[in-house]
Amino acid sequence: MASSIRIFGNRCRILMTAAKSSDASSTPVSAAKGSGLSKGLLKPMKVSPALEKFLGASEVSRSDAVKKVWEYIKAENLQNPANKKEIRCDDKLKTIFSGKDTVGFLEVAKHLSQHFPKAA
């Protein structure tokens, strides 16, 4: 319980305020639903044929797609050792990264967004 003191002239008055009750709306899951995360990042969506072939699934959320691409990059050791911000694309990655030989790590999500349908 929180309290505050107010001074009025020579008198002090202690006011007691009730603590905020924690309700179900303060949980992270419901906060994510209210903020639109479940509508875009976490919602499984249809993907392009190229990304479907890469991931092996016809529907996946954007966050899972990025995660799986990064798992592949790390497993195949495709980051440039001299510049970790650069990814060297093999033939499999070139199919989803517009045929580029190298991609910056900040460009991964941008290239993957092309493989998801646009919101109407």
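Modeller: Helices, of at least four residues, and strands, of at least two, are DSSP runs numbered from the N terminus. The model discussed here is a predicted one.

Biologist: With that settled, what pattern does the protein follow along the sequence?

Modeller: Read in sequence order, the pattern is β-β-α-β-α-β-α-β-α-β-α.

Biologist: And how many helices and strands is that?

Modeller: The secondary structure comes to 5 helices and 6 strands.

Biologist: Turning to burial, what share of the residues in the protein is buried?

Modeller: Of the 120 residues, 23% are buried. The accessible surface of the protein comes to about 8,700 Å², and carbon and sulfur atoms account for 56% of that surface.

Biologist: What about contacts between residues 24 or more positions apart?

Modeller: Such pairs make up 25% of the contacts with a separation of 6 or more.

Biologist: Now the charged side chains. How many salt bridges are found in the whole structure?

Modeller: The search finds 2 salt bridges. In one of them, Lys94 pairs with Asp101, and the closest N and O atoms are 2.8 Å apart.

Biologist: Which side chains meet in a salt bridge at 3.6 Å?

Modeller: Those of Lys100 and Glu107, with the distance taken from N to O. Lys100 is partly exposed at 35% relative accessibility, and Glu107 is also partly exposed, at 26%.

Biologist: Why can such side chains pair at all?

Modeller: Side chains of opposite charge can do so when their charged atoms come close.

Note on methods: Residues numbered from 1 in each chain as written. Predicted model: local features only at pLDDT ≥ 70, side-chain atom pairs only at ≥ 80, totals over all residues. Heavy atoms only, no water. Buried < 20%, exposed > 50% of the residue type's maximum accessible area, 1.4 Å probe, protein only. Contact = heavy atoms within 4.5 Å. Areas by Shrake-Rupley, 256 points an atom, 1.4 Å probe, with all protein chains shown as cover. Salt bridge = Lys/Arg side-chain N within 4 Å of Asp/Glu carboxyl O.
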